[in-house]
Amino acid sequence: ALLALSAGVVHATHPTLPAPEGSPEWPKALLKYQEMFDEGWLDSLFRAFSPELQADFTLPELTQLRRLITKAYGDGIAVVSQTAEASGEYRRFVRFVRYKKLEGVIEFQWILRKDDTIAGLFVAAHEGQEIPLTDE
């Protein structure tokens, strides 16, 4: 099963990787959140989660997610595509990233509220690769 975490839907990003030409601009707060994820600054990132997301997706789970992605797939090497859309009080940002050790891409979705609070996170590996739920 793919690892899907949602209390909304959100994406972890790679600010050092350029977005494809013509991609929508992302808010500075989201780029910072993505940098926090990539650099492992997870305590700070977790503080930006909404209370509802914090209840559904704990800091240890966030830490495990990042560790498993890094262990299984290495570093992100290219942004394949990125989109942004708004609906009511939420904004959804999606990015597909190619990784060194993955024959496919990882999809990251971030859902932000108007105040830039993270309302949701969804992460999934595509093309037959899965993010294992444990190290085993």
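Gln-109 lies in strand β3, residues 105-113; strands are DSSP runs of E with at least two residues, helices are runs of H or I with at least four, and both are numbered from the N terminus. In this predicted model, local features need pLDDT of at least 70 and side-chain atom pairs count only at pLDDT 80 or more, while totals for chains, interfaces and linings use all residues. Residues are numbered from 1 along each chain as its sequence is written, and side-chain values use heavy atoms, with hydrogens and water left out.

Gln-109 has a relative accessible area of 9% and is therefore buried (under 20%; exposed is over 50% and partly exposed in between, with a 1.4 Å probe and protein chains only). Its side chain makes polar contacts with the side chains of Glu-107, at 2.4 Å, and Arg-92, at 3.4 Å. A polar contact is a pair of N or O atoms within 3.5 Å; within protein, one must be able to donate a hydrogen and the other to accept it, and residues adjacent in sequence count only if both atoms are side-chain atoms.

Nine of the nine residues of β3 are buried. One side carries Val-105, Glu-107, Gln-109, Ile-111 and Arg-113, and the other Ile-106, Phe-108, Trp-110 and Leu-112.

β2 and β3 run antiparallel and are joined by nine bridges (two strands pair if DSSP finds at least two bridges between them). Arg-91 stands opposite Leu-112 of β3. Five residues separate the strands in the hairpin of β2 and β3, where Gly-104 has a positive phi near 155°.

β3 also pairs with β4 in the antiparallel sense, over seven bridges, and Trp-110 has Leu-121 of β4 as its bridge partner. The hairpin of β3 and β4 has four residues between the strands, and Asp-116 there takes a positive phi near 75°.

## Helix α4

The buried residues of α4 are Leu-62, Leu-65, Leu-68, Ile-69 and Tyr-73. They lie on the same side of α4 because they cover an arc of only 130° around the axis, taken from the directions from the helix axis to the C-beta atoms. Their cover includes α1, α2, β2, β3 and β4. Pro-60 and Lys-71 are exposed on the face turned away from the buried side. Gly-74, with a positive phi near 75°, follows α4.

## The whole chain

The chain has four helices and four strands, in the order α-α-α-α-β-β-β-β. Of its 136 residues, 43% count as buried.

Methods. Contact means heavy atoms within 4.5 Å.
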